[in-house]
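Below are some questions and answers on one structure. Please look it over before reading on.

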Amino acid sequence: MERIKDHPVLQPEERKTIAFTFDGAPCQALEGEVISSALYANGIKIFSHNKKDSSPQGIFCANGQCAQCSVTADGLTVKSCITPVREGMKVATLRGAAVLPRTACVSEFGRPEELDVDVLIIGGGPSGLAAAAELGKLNVNTLIIDDKASFGGKLVLQTHKFFGSVEDCYAGTRGIDIAEKLEVQLKEYPSVKVWADATCLAIFSDKKAGVLRGGRYYLVRPKAVVSATGAREKSLAFPGNTLPGVYGAGAFQTLVNRDLVRPAKRLFIVGGGNVGLIAAYHALQAGIQVVGLIEALPECGGYKVHADKIKRLGVPVYTRHTIVRAAGKNELETVTIAAVDEKFKVRPGTEKNFQADTLLIAVGLSSVDEFHAQAREAGMDSFVCGDAEEIAEASAAMFSGKITAHKVLKSLGVMAAPVPQFWFDRLEVLKSRPGATKAPEAKNHSKPVYPVLHCRQEIPCNPCVTVCPKKSIKLSGDSIMNVPQFAGDCIGCFKCLLICPGLAVTIVDHRKDPANPSVALPFEIGRGLVKKGDKVRLAGWEGADLGEAEVLDVKDFKAENTLIVIVKTKPGVADLAASLKLYPAEEGVKAAADLARADDETIICRCERVSLGEIRAAIRGGMRDLNQLKAVTRAGMGACGSKTCSTLLLNVFRSEGVDLKEVTGFTRRPLFVEAPLGAFTNVKCRTEADEKASWSGF
Amino acid sequence: MENNYDVIIIGAGSIGTPLAMALAERKKKVLVLEAAPSPGQGQNKCAIGGVRATHSDGSKIKTCLRSLEIFATWHKKHGDDIGWIKGGYLFPVYTESDEAVLRELLKIQRGFGLNIDWIGADKVRALVPGIAAKDLRGGTWSPDDGSASPLLSLNAFYRRAVKLGAEFRFSEPVKEISKEGGRVKGVLTPQGRYYAPWVVNAAGAEAAGVSDLAGVKVPVNPDCHEAGITEPAERFFEPMVVDIRPGDKSKNYYFYQNREGQIVFCLTPQPPIWGHDRRSTSEFLPEISRRMISLMPGLATLKVRRTWRGLYPMTPDGFPVVDFPAALKGYVLAVGMCGQGFMLGPGLGEAIAAHIAGSPSADEKEMLAGFRLDRSFTGQEKLK
């Protein structure tokens, strides 16, 4: 069983164990757990075989959006990532298409329930929750829905502390804790109805939103719609990209941080944005070795503190590298990477192989904007916030939710005043991309105890400034983008060290032993890993090896879920040491140079197994309308509704030298998530399988 | 001159595309002008794919028999898979009055030599496993009818037309139809002027507006049907099933299982919704869900993947207008398909091409005989 028992931040809940079978073999799940996580916990990664070519499929989005994780459960085809396991459930590999129950007896039909609300918020992540709270404060009749069992969106996957400012967006607090705070806050507002397990399927031309809530279908008639629908992960085309074990960083975080399942032993990551960098960190916290992370650009696009944090712990970060292929018999076994030139072309001879069982794709996000588009098409008052509007950090999403709520209030006539301009200014700051990186600051004081701020890149973040009781940490300018500086007195209280989301603060202390100053290092990887008296290797702010040091003490700050490891150092090293190293980097094995990329077989549309070769041929034949491309090749016609391949298809056009202005995009039609036919009339029926399992409706 | 053609076709859809192919086969220099960016983006892609000859009048029957031949032999002749299934059409019957209507129609259909017959309830249940047995009286069954993928078929016709030399220009709406001395001369688009002695209006739901450019009034107004498609399931029935009983907010509906195993279904709203709107309504899924599941309870668990709304370019009597109006020589109407353009298209293409080439067979003359513009439009199609 691959379950995470010890985690530095997350505490596994005590839950009842239930029994189910997979292809007849006995398995165990935790009560309430979704099938996909239970299967992973039982070491099962292959869930189905594609209808077209029988290729193995496993988890991919873990978000209910694609259908790659489909299995048969008690005779029905279900998405395993959103279907809870039940005691005695018979789960089986899905081979080909669904088999329908031949006989079933309908006992009852219902009409969809219609419901009037002032505001419908689609999505209960940071922006939706923030918007709901603002509307609730003014007693506006609001319905907020989320397709998951609990609210918080991707916040519930974020074990790290947040950036931003303390006053606007809970900076310094962990994402999981923010989710809880926001959800609890909503309970204070009786005008806000909260529906979990409620999926918006479509917004129709007659201004109604179709919502499937726990199997019942509702038609919601809102005066205004807020799409707080977040983002979906972009995919990447390379040979082997559909092998089980290759999936998105979001799916990984779901398995690891929400369900406490360890899906990997050796992990490789593509993409050095914040998503990839944070996923690497989450993997380390889950006791998974991160074999490497690659980024095609000369520098990681994510915050430098995130990149440095994982480098210090021993994760090799390869910039200007690309993924050449993923290989393995039925599951991922080997990842091949190579260096690229300025035009992102592989430099022959630089190919290297790494053994890995899991490869995460973290190459950016795109906004989930279909409901906003449909609501506008229907002529509704439609608003959009958070990642659905523009991809940024969750801190910005919360603030954007608040602003959007005020736009809604104005549009409903509840509030006359316009949204204050300075809110928009603040949002812009929170959305900022990282700015310039300053050189490490030369020490200009001789205090006996002081913080070293290994935070040299401009990012919107200020908790260390807010928390210092002596007000000795100040930003170097007026904006929270400015880097922090220490000037004044330090009492060694560790507050700045404990709150820093980037783990970029250490405290150097000469008071006890001036010749061998101690350094307090933040450490949130695992409780049992380091103890007093251990010899550890130290790393500089960007990961440089600083030699060995002895651990003087390990302090456990339970409230912050952070350990402080105090090591004995030399004066020259004390100001440089930023972290412990977990393990030495692996080099990889030089791969055969004849790895000519057989990329015509690379899969672009994974639902319908449409290859790059087929798409290229169509484009070279003059096709410029994605709707025609879909008609001819079936690309985009599958269960995910082109959510995965539409950006990949545009990439193929681009790489074929086609100006995207010539290309007509997909016509988007409902449904945006598949739903059983019977759900639309709330059918109660019993099938053959029900004679054994007690199932009625959906 | 480069901009001179034998025939200009307005519209690269269910009618224009196979017509271009048929004309190119007859060595005509053809230009097809289409407002959308690629072929089949109007009503064609909204069709669910049924092809039947079992109509109630000679012209449609003859035309669709020709179409059926083209669909059924396409793969063998040209190598492209167009998703053809000879699955037949089945009209299950649950009421005495429906039985009377269909049995009456059967006489006419059999009079035209069509392979259609009344079958008993047991045979219906064997053809469609899981169909509701209560009150099932039997139904009419025409095994030679079938279905094909409108998307694949149209693109196959398009590729063949191009291969034979037809020229297609997309994103090029016709703004003007020019005339000289009672004859058509050509057309104007934002991109240029093109000349031909023949101009065919195959503009589907836009046909009336396009015909206004020629100064010829045609009584074509679109209403709509809503349709949807499910995830694939293991194949378990072959025919197109048509349930003609009325529903709360609908007339008939019909569905079949396509080659991918997906159930494709379509509903006729009642009262009809007129206009060009193609956005989905919230009424459709609850209505079709109740009706289809009442008929086949096993479908309840099958997931709906996509829905859409397609236009039916209607005429007052439910029959197409395919004609060469005397008022304007060289102007051809191939409009008002009333939702049957996909099944009529290949047959009509050959008949119209033969007329333009000046050598229609007796059969091809009969194919168009019932579709004249100067008819009274007072009759009613018995089986829409």
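Predicted model: local features only at pLDDT ≥ 70, side-chain atom pairs only at ≥ 80, totals over all residues.

Reader: How many helices and strands does chain B have?
Author: Helices and strands are counted here as DSSP runs. On that count chain B has nine helices and 19 strands.

Reader: What is the radius of gyration of chain B?
Author: The globule rule gives 21 Å for 384 residues, and chain B comes close to that, so it is as compact as a globular protein of that length. Along its principal axes the C-alpha trace of chain B spans about 65 × 40 × 40 Å. The radius of gyration itself is 21 Å.

Reader: What percentage of the residues in chain B are buried?
Author: A residue counts as buried if 20 or more other C-beta atoms lie within 10 Å of its own. Of the 384 residues in chain B, the buried ones make up 58%.

Reader: Among contacts in chain B between residues at least 6 apart in sequence, what percentage join residues at least 24 apart?
Author: A contact here needs C-beta atoms within 7 Å. Of the chain B contacts between residues at least 6 apart in sequence, the part joining residues at least 24 apart is 73%.

Reader: Which helix gives the largest share of the side of domain 1 of chain B that touches domain 2 of chain B?
Author: Chain B is divided into domain 1 (7–75 + 150–220 + 317–369) and domain 2 (86–143 + 222–313), with 28 Å between their centres. The contact takes 22 residues from domain 1 of chain B and 24 residues from domain 2 of chain B. On the domain 1 side these divide into twelve nonpolar, nine polar and one charged. The largest share of that side, three residues, comes from helix 2 (residues 58–78) of chain B.

Reader: Which element of chain B gives the most to the side that touches chain A?
Author: In the contact between the chains, 41 residues of chain B meet 44 residues of chain A. Helix 5 (150–163), strand 13 (221–232), helix 7 (284–295) and strand 17 (303–314) of chain B each supply at least two residues of the chain B side. By class, that side has 17 nonpolar, 15 polar and nine charged residues. With seven residues, the element that gives the most is helix 7 of chain B.

Reader: In strand 17 of chain B, which residue is the bridge partner of Ala675(A)?
Author: Strand 39 (residues 675–676) of chain A is joined to strand 17 of chain B by two bridges, and the two strands run antiparallel. In strand 17 of chain B, the partner of Ala675(A) is Val304(B).

Reader: In strand 8 of chain A, which residue is the bridge partner of His49(A)?
Author: An open sheet of three strands in chain A has the order 4-3-8, with mixed pairing. Strand 3 (residues 48–49) and strand 8 of chain A pair in the parallel sense over two bridges. The partner of His49(A) in strand 8 of chain A is Arg95(A).

Reader: How many residues does the contact take from domain 1 of chain A and from domain 5 of chain A?
Author: Domain 1 of chain A covers 1–109 and domain 5 of chain A covers 599–662. Their centres are separated by 30 Å. The domain 1 side has two nonpolar, four polar and two charged residues. The contact takes from domain 1 of chain A eight residues and from domain 5 of chain A eight residues.

Terms used
Residues numbered from 1 in each chain as written. Chains lettered and ligands numbered in written order. Pairing = 2+ DSSP bridges. Helix = DSSP H or I, 4+ residues; strand = E, 2+ residues; numbered from the N terminus. Contact = placed C-beta atoms within 7 Å. Nonpolar A, V, L, I, M, F, W, Y, C, P; charged D, E, K, R; others polar. Domains from an automatic or database assignment. Rg over C-alpha atoms; globule rule 2.2 N^0.38 Å. Buried ≥ 20, exposed ≤ 12 C-beta atoms within 10 Å, placed from the backbone.
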